[in-house]
Amino acid sequence: MSDTLETRHRGGSAVRHILLSLGAVAFLFPFYYMVVGSLRGTTVGDLSAAVPSGLTGANYTAVNGAISLGRSLLNSGIMTIGVLVCTLVFGVLAGYALAQLRFRGKGAVFAALLLVQMIPFQLLTLPLYVLVVRDYGLGDNYLGMILPFAINSTAVFLFRQFFSQLPQSLFEAARIDGASELRILWQIALPMARPAVLTALLLTFIGPWNEFLWPFLVTKNADMQPLAVSLASFLSNLQGTVANPAGALLAGACVLAVPAVALFLLFQRHFTSTDIDSGVKG
Amino acid sequence: MSVNLQSAPAAVRDSAPARREGPRRARGLSRVGALFVSPYVLFLVVVFAVPLVYTVWISFHRFYFTAPGTDVDSPWVGLSNYKDVFTDPVVGRAFLNIVIFLVINVPLTVGLSLVLATALNAKIRGRAFFRAAFYLPYVTASVALVAVWQFLFGSDGFVNHLLGSHAPDPSWLVNSHLAMPMIAVFVTWKQLGFFVMLYLASLQNVGKELYEASAMDGAGRVRQFFSVTVPGVRPATTLVVIYAIITGANLFSEPYLLTGGGGPDHSSTSPVLLMYQKGIEQGHPDFAAALGVVLVAFVMVVSLAARKLTERGN
């Protein structure tokens, strides 16, 4: 950046900060309100609700009594981990093949990869529901919950982009020595791809963890529902069962939000703009 | 192709003579590649291709949900389901709602995220904090955020207490004029961080010399924003618009949860919500399938039109 630009930027720095701070308040206030509201004994919507006072954990106990938080969290966890494992195993294989191997139909697979990112997934939920729940009998089943998200195409794309950047010559030597492609992938390519793998897994995590419509359709049994679904059913028809419904709802919202937010804050530098850019460039 | 490879016994592949493997590798073609990619191909077939074809098939038949194992005829009914879709006033309302969504969401998203990204695109103090703050709603579950918004914008909520006698009546989420705009604003807020990051990446590609040249010519900051930044990030804008259209076409949780199942008089019903209500709640999957096909066509037409518009003059 040149000196003249630097000076100009400094001049506009106050304006920048005011703009960004206004934005930050608008983005963070609902989160602050969620946490404070979840900790107050009586949670009403008036202005005092934004002030933390008389803090208690009662709302967490209440929402746990209504929807069994532990069980819901476990279901969310199983669904999410299932998706992560499938994406990691099959996605890395596909990404490596698309980047470093030549085979018939490669162009078509890559075109399909780009195309599916443009298809609104919700449109497919009805036929998928008919197939998965009615035909395959996978209602109230972890496999049925995982199936539509099993391999995240954006992650496959990220793996492919990363493996394409590795120099061919790196793999030639191993091939001449007779190493199998699987071994090359496992021992040479994958260790180098650790940052890409982490980014892809973080991007993949928020999908199944936050997903509502699909698990809502496939799980009727409360014991099988992930937290987003049980919290939604609390929101629409169980609020009357607790003393402080708004507080209990906000407590549930906090429990649902915390894992994704915590992972994001921990690994924030991996959610870089360039990754997103390459992930959506299509 | 992939199925064949998968079912080939592993022993046969491994014991293939090296001299046969040699020329294959020299030509650069490998069976391993097809083998590696086959689970993913299978996934795409099962989760995308088959359901897509199945929707179209269902949409031309009278289709009932049946208990597993029972065999019920699904007679061909031609365009009858489509006729039902096009004559249902709620369908029209649902598509109008998507248009309302886009009219509010697209300019707000493009404007706000471009301004915030431009403000972030410098070495300023607290950059990491601001980035994290903007991105937070994007990584958080809709269901959790909907819970807070209901509480903020409820009849007895924080915002109405703040506004006092200026609060809208009926309140935000149960007002037939405000329900859909509220959804558009909620989604804008939730997704904005993603688009800020997208624009931030795109801004790296805008030539610095363009800013310098325009500064030489005496262009002010605002002038620069409109004549250098805005055209410079046009490819990103196209992407933002396409994503907004896909988001609009996918709307379900927000109308279902935020405005209690589609708002008063279907004022915030979305096509996907309608597909759920008609297809699963009311047991007309054939109607829902035809609606889905119409929605895909709608998305394609609007996306193409938007692409033409945003890329004009490029």
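**Exercise 1. State how much area is buried between chain A and chain B, and describe the make-up of this interface.**

*Solution.* Step 1: Buried area is the accessible area, found with a 1.4 Å probe, that two parts lose on being put together, summed over both. For chain A and chain B this area is about 8,900 Å², and carbon and sulfur atoms give 77% of it.

Step 1: Helix 2 (residues 13–39) of chain A gives the most to the side of chain A that touches chain B, namely 15 residues. Helices here are DSSP runs of H or I with at least four residues, numbered from the N terminus.

Step 2: Sorted by class, that side of chain A holds 71 nonpolar, 15 polar and 11 charged residues. Ala, Val, Leu, Ile, Met, Phe, Trp, Tyr, Cys and Pro count as nonpolar, Asp, Glu, Lys and Arg as charged, and the others, Gly among them, as polar.

The model is predicted: local features need pLDDT of at least 70, side-chain atom pairs count only at pLDDT 80 or more, and totals for chains, interfaces and linings use all residues. Residues are numbered from 1 along each chain as its sequence is written, chains are lettered from A and ligands numbered from 1 in the order in which they are written, and side-chain values use heavy atoms, without hydrogens and water.

**Exercise 2. Classify the ring pair of B:Tyr54 and B:Trp57, and then that of B:Trp57 and B:Phe63.**

*Solution.* Step 1: Rings of Phe, Tyr and Trp (its six-membered ring) pair if their centres lie within 6.5 Å; planes under 30 degrees apart count as stacked, over 60 as edge-to-face and the rest as tilted. Over all chains, this rule gives 46 aromatic pairs.

Step 1: The ring centres of B:Tyr54 and B:Trp57 are 6.3 Å apart and the planes stand at 25°, so this pair is stacked. Both residues belong to helix 4 (residues 31–59) of chain B, three residues apart, about one turn of the helix.

Step 2: For B:Trp57 and B:Phe63 the centres are 6.5 Å apart and the planes stand at 90°, so this pair is edge-to-face.

Note on methods:
Helices (H or I, at least four residues) and strands (E, at least two) are DSSP runs, numbered from the N terminus.
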